[in-house]
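Colleague: I am new to this one, and I would like to know what stands behind each term you use. Could you take me through it?

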Number of protein chains: 2
Amino acid sequence: MKVSKKKVAENRDALVQAAGRLFRERGIDGVGIAEICQQAGLTHGALYAQFPSKEALAAEALAGGLIRSHARMTAPIEGREPTLTDSLDYYLSSQHRDNLGGGCAMAASASEIARQGKAVSAPFTDGFAKQVGVIERTLSGSATDRREQALTIVAAMIGGIAAARATAKANPALSDDILVAVRRVLGELGAAAKPAATRGPR
Amino acid sequence: MKVSKKKVAENRDALVQAAGRLFRERGIDGVGIAEICQQAGLTHGALYAQFPSKEALAAEALAGGLIRSHARMTAPIEGREPTLTDSLDYYLSSQHRDNLGGGCAMAASASEIARQGKAVSAPFTDGFAKQVGVIERTLSGSATDRREQALTIVAAMIGGIAAARATAKANPALSDDILVAVRRVLGELGAAAKPAATRGPR
DNA sequence: TGTACATCAGTGAACGCGCGTTCACTGATGTAC
DNA sequence: TGTACATCAGTGAACGCGCGTTCACTGATGTAC
């Protein structure tokens, strides 16, 4: 049966949402078309009316997860611009660590994206660059220093949450230590770049 | 035909080596039993004389890759102990970025390991903790500071190489920038912890 | 040391299974008049 | 506005395929005498 244009858009969105969550939780190869469509309230054949292949869905689903994650990190907190500390506290929290499906697609799929084609890696690269820009703006110092620090901070955020997730099952205490340590050391790194007045531990 | 004990050990080793390289290159789900056995010079049925399942092979293969990578980072350079700068230069090089199969299993499979069972995640956790210990010994300052800095440095190394790999296809210049930036900022972080005499840029 | 035989790593055909994808069909939607 | 009909998102059975795993068999190795 044909469905209304509104319903078509809703169904497409449901597919992208379900795919994004499941891909982040279990990897692209770890989830089948059938389960994605089922969670979107459709049968498996419906996917091909919207996407040419699973890979195309993966590209859009992961890109969507990046945009959402980026939006969350740049959203104003109590009316003001988020600081580096705000970003670190959100990103390197045990909640984010334990919420693979709803979290940042860069962290959830970093090592997988390196093996995918350009359709998947291009949005990731854009998302990474944008995130570096956001962190850069919270820093002070020369343009070169700020950029280098921002690149390192974003890399450490991704590595930190990935390492915390990978160690969570076998050594929860170490996993927690990673989150605390990365948050504190990166916070100090950002603070160190600022005038002496704003310096000091978090 | 029965084979000699020596040959059995060689075959087992060949399986672990081939599996490790292929899993790092294309992920556990991205490689089949047939290809692994073929690259080890065996037929696919041979695997089950040595391992109960693909998962058991994956656990041993990834653990082997960690041990090898760890050994490379702790090996003396020109007779002396490797410094933080030595470790960073090796780990965050474009050679390491472009050598997925021969590189560090933590970086190649970080986000995948978080989804695997304990058999795979336990060796990863041990490898991570050991690596933190190695970095810790190159730092100075209070025990707490050293540990927090070492945890952050290892997380940033993993995140840095993972991000460099994920961005390499879509934006090679950004990928190079990540490696240079993380190397320099982490190097300065380590140097900053030392007495003033040894301070300064790399 | 030499001979007879039990062992078992490795072979390769075969297995069931779930995957991604296709396709003839359905029927409510949206359009042409 | 009301009616007739073309459209096409979604259905669900079916497809081929490659996967991980099993198993009867092989034959050189290693052991018992």
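Modeller: Gladly, and let us begin with a term: contact means heavy atoms within 4.5 Å. Among contacts in chain A between residues at least 6 apart in sequence, 60% join residues at least 24 apart. This is a predicted model, in which local features need pLDDT of at least 70 and side-chain atom pairs count only at pLDDT 80 or more, while totals for chains, interfaces and linings use all residues. Residues are numbered from 1 along each chain as its sequence is written, chains are lettered from A and ligands numbered from 1 in the order in which they are written, and side-chain values use heavy atoms, with hydrogens and water left out.

Colleague: How many helices and strands does chain A have?

Modeller: Chain A has 10 helices and 0 strands. Helices (H or I, at least four residues) and strands (E, at least two) are DSSP runs, numbered from the N terminus. The C-alpha trace of chain A spans about 65 × 40 × 35 Å along its principal axes.

Colleague: What share of chain A counts as buried?

Modeller: Of its 202 residues, 50% count as buried. That word means under 20% relative accessible area, with exposed over 50% and partly exposed in between (1.4 Å probe, protein chains only).

Colleague: Why is the pair A:E112 and B:R115 called a salt bridge?

Modeller: The rule asks for a side-chain nitrogen of Lys or Arg within 4 Å of a carboxyl oxygen of Asp or Glu. In this pair the closest N and O atoms are 3.4 Å apart, so it qualifies. Across the interface of chain B and chain A the rule finds 6 salt bridges.

Colleague: Which element of chain B gives the most to the side that touches chain A?

Modeller: That is α9(B), with 14 residues. By class, this side of chain B has 26 nonpolar, 14 polar and 13 charged residues. Here Ala, Val, Leu, Ile, Met, Phe, Trp, Tyr, Cys and Pro count as nonpolar, Asp, Glu, Lys and Arg as charged, and the others, Gly among them, as polar.

Colleague: How much area do the two chains bury between them?

Modeller: About 3,900 Å², 66% of it on carbon and sulfur atoms. Buried area is the accessible area (1.4 Å probe) that two parts lose on being put together, summed over both. The contact takes 53 residues from chain B and 53 residues from chain A.
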